[in-house]
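Keep the sequence at hand.

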Amino acid sequence: MEKVSLTNTELQVSQLCLGTADFGTKRSREEVFRQMDVFLDGGGNFIDTAHVYGDWACEEKGRSEKVIGEWMAGKRDKVILSTKGCHPPINDMECSRVDVRSLREDVEESLRCLKTDYIDLYFLHRDNPQVPAGELLEALEGEVRRGNLRYYGCSNWSLGRLKEADRYAREHGLRGFACNQMMFVLADVVPDTLVKPQLTILDGEYYRYEKETQLSFMAYMCMAGGYFSKRMAGKPVSAQQKERYHGDANEAILRKLKLYVSEGYQVTDFLFSYVKMAGFPSIPIGGFGSEEQLRQGLDCIDREVPEEIMRDLISLKRAQSYQR
């Protein structure tokens, strides 16, 4: 699998990142061990988790990180590990935990759960505009000096806050954010459905800043939860997916996808290509419901879709959506 250099870092990561939101909960320990083995054998080395993953499904905290930590024994040097902290409590999403104290607590807890001495790439999972960006950067730099983190990034930050952080880093000689993690998907998204739980999507202005700065990027929900694949197979989609992706634009995209799939492509080819051709280092995060789906994803990440086909699909997204 092709490797991508994350901007201003020494990290060489696989073009596909393995998502692990339901590892150890919806997916059993044995199943996810097998997925991570297959991913590693298939050329992948980039695994993304979060300290909060699994908290919604069981009383044990940090379940995803813990099962990954068990699997990594003897393999730590083969993995570029990304995790996220400072997420609100699951039972109180309005309560911000983006502050220096919570950051220190979450880093230490993640290190214990993951059974590792360091985290390659650590994200602030949310933002708190009430805390100066510089204060958070200084706290993250402190974790780097302690050897706990190699690099750090942000997830679900507004463009204005990202610019504030970048400006502070330049003015104070800090490396600053090495990566950004947001929603980025071929599917047309109903914006109002992203108000809660504080998800952010890459829009046109944000895209232009990413392209200008070449800030490395990780795209979550880039597979739209299997929305197009399910629709093409005549399978039901969830109520949340119906709300998030309903509309004429996605119906038009679906018709085009059916045409292209009949010519030998897979739906995932287009979803991954949408992220890969962004114009800055951009990594799709893929979560897979089975080993078979993972193997298909490993095949798709190496396929190239002609640019004219991708532009044809992108042109069907609504005018207010991100356009290249």
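Two strands pair if DSSP finds at least two bridges between them. Strands (E, at least two residues) and helices (H or I, at least four) are DSSP runs, numbered from the N terminus. The model is predicted: local features need pLDDT of at least 70, side-chain atom pairs count only at pLDDT 80 or more, and totals for chains, interfaces and linings use all residues. Residues are numbered from 1 along each chain as its sequence is written, and side-chain values use heavy atoms, with hydrogens and water left out.

Start with the barrel. Eight strands close it, in the order S3-S4-S5-S6-S7-S8-S9-S10, with parallel pairing. From one strand to the next, the twist averages 25 degrees. Look at one pair: S7 (residues 149-155) runs parallel to S8 (residues 179-183), and two bridges join them. Ser155 has Gln181 of S8 as its bridge partner.

Now the helices. The axes of H9 (residues 248-261) and H12 (residues 307-314) come within 9 Å and cross at roughly 155 degrees (axes are lines fitted to C-alpha atoms over the stretch in contact; angles run from 0 to 180 degrees between N-to-C directions). H9 is therefore roughly antiparallel to H12, a label for angles over 145 degrees. Ile253, Lys256, Leu257 and Tyr260 of H9 meet Ile309, Asp312 and Leu313 of H12; contact means heavy atoms within 4.5 Å.

Finish with H10 (residues 267-276). Ten of its ten residues are buried, so the helix is largely enclosed by the rest of the structure. Buried means under 20% relative accessible area (1.4 Å probe, protein chains only). The cover includes strands S9 and S10 and helices H7, H9, H11 and H12.

Definitions and conventions:
Parallel < 35°, antiparallel > 145°, perpendicular 65-115°, else oblique. Buried < 20%, exposed > 50% of the residue type's maximum accessible area, 1.4 Å probe, protein only.
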